[in-house]
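Have the viewer open as you read.

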Amino acid sequence: MKIQHCDTILRAAWLVTQDNDRRVIENAGVAITDGRILAAGPWDEVSSQYQGKELLPGRELLIMPGLINAHTHAPMTLFRGLADDLPLMEWLHDYVFPVEQKHTPETVRLGALLACAEMTRFGVTAFCDMHFMAAHVAEAAEQSGLRAMLGEALFGFPNPSYQTFDQGFAKAEALCETYRDHPRITPTVAPHAVYTTTPEMLERTWSLAESSNTLWVIHLAETTTETAECIEKFGARPLAYLDSIGCIGPRTMLAHGVDLNTEEMDRLAQAGATVVHCPKSNMKLASGVAPVPEMSRRGVQTALGTDGAASNNTLGMFTEMRFAALLHKAHTLDATVMDAQSVLDMATCDGARALNMAAGAGTIAPGAPADIIALDLTRPNLRPCYNPISHAVYAAEGGEVCLTMVDGEVLYKDGAFTRIDYPALLNEVRGLGAWVRQQSGRNA
């Protein structure tokens, strides 16, 4: 058999493919060329057919698809730990919104770049973000090399990005146009929530998402308080309100979905909409427990996200997977719900499908984009290894990641970023910490 050349070969003690058959292969190999996976299978087969530069030779690795953070607010890394132990509305209106009003394009960019560094370091290869000044989040994402689905957060009140909704809408239109054909950045349309917009605003954003063929992303049903306010203001629960103005369909992506009843779940399943589960943020803000097991039983498409670092307080998807699994076991008193495979699906192939990513994204299979991470299996918390899917969900913290690549390009390897000057970024962020304290009135 003639040996074919490839750009890169990875050897794995364990390979978690997340392909259609959910193959898990011991002593495996992955061949990569031009940013795509050529082959994934037993090492003897791959190494006998392909020859290329072997990354991390001689290492005991768990290789798997990169994780997908389906909902976050990257610039909010600057507010990590600024306000804790508060309910959502108090946290948002009394602490977050006031300090966010002081954001500048540079603070947005640096906060987003810090978030990209954190996600890259801990095995995230794609994320969906909602924030104002999204063009500067895009600058950071482009510098980092991660895949990003980005939307200009649209509010019905002034903020540092725009003074009127029309101005914000124009920014959303520009983002859709600028990144329409970008290889790694995909625009979305992102009205913030039902309580920060009007029906007319939501209808306009939906029309833009349809004409731009993008996802339409919104916070929805995050708390019972939000539901009560929506009923008082609009005469309907949040989902029914959106449905009444034509904003429920396959392009709809709802963040949180904590306060959903069974009829609403059935409607979401029928419409092909997605709910992004953010368990750690929901727990920390005491928002409640999203009924994800019931959503799954009823056919609702679900994905997994961290929310922002101000309410999580990390962007680590390994710990998010663990919280997602354990929360629902405790909440339902059923150890079988949210099993490790289902949670890993939410963070990989299901998340890729929800975000309308390229065919094969979220998997390691021939033809799929080479968005791959490797974990060091010599770490004590990963020894011994009987089931790598169990380790990914229940044992890994994220610090075991020793390789992160997107499109076959190495973005992080053994402590070093290839695109981000992390020491320089760290120095800039140190200065911004003092700025945040000053803006928030916390000078101590």
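How much space lies in the second largest cavity? About 40 Å³. Keep in mind that this is a predicted model.

**The cavities**

- The second largest cavity, at about 40 Å³, has a lining made of G66, I68, T125, A126, M357, A361, G362, P369 and D371.
- Sorted by class, that lining of the second largest cavity splits into 5 nonpolar, 3 polar and 1 charged.
- The largest cavity holds about 230 Å³ of space.
- Its lining counts 24 residues, and those nearest the centre of the largest cavity are H73, M76, L92, H192 and H219.
- Helix 2 (88-100) and strand 7 (124-131) each put at least two residues into the lining of the largest cavity, with helix 2 giving the largest share at 6 residues.
- The class tally for the lining of the largest cavity is 13 nonpolar, 8 polar and 3 charged residues.

- Strand 8 (147-154), helix 5 (165-178), strand 9 (185-187) and helix 6 (199-212) are the elements that give two or more residues to the lining of the largest pocket.
- Charged residues number 9 in the lining of the largest pocket, next to 12 nonpolar and 8 polar ones.
- The second largest pocket comes in at about 170 Å³, and among its lining residues are T77, F79, R80, L114, V429 and R437.
- Helix 16 (residues 422-440) gives the most to the lining of the second largest pocket, namely 5 residues.
- By class, the lining of the second largest pocket has 7 nonpolar, 3 polar and 2 charged residues.

**Helix 3 against helix 4**

- Helix 3 (residues 105-121) and helix 4 (residues 134-144) have axes that come within 8 Å and cross at roughly 35°, and the crossing is right-handed.
- On the helix 3 side, the contact uses P105, V108, R109, A112, L113 and C116, while helix 4 brings H136, V137, E139, A140, A141, Q143 and S144.
- Taken by class, the contact of helix 3 with helix 4 has 8 nonpolar, 3 polar and 2 charged residues.

Key. Residues numbered from 1 in each chain as written. Predicted model: local features only at pLDDT ≥ 70, side-chain atom pairs only at ≥ 80, totals over all residues. Heavy atoms only, no water. Axes fitted to C-alpha atoms, helices over the stretch in contact; angles between N-to-C directions. Helix = DSSP H or I, 4+ residues; strand = E, 2+ residues; numbered from the N terminus. Left-handed = near helix turned anticlockwise from the far one by under 90°. Contact = heavy atoms within 4.5 Å. Nonpolar A, V, L, I, M, F, W, Y, C, P; charged D, E, K, R; others polar. 1 Å grid on protein atoms, 1.4 Å probe; cavity = no way out; pocket = protein on both sides within 12 Å on 5 of 7 lines; lining within 4 Å. Points joined across faces, edges and corners; volume = space filled by probe spheres on them.
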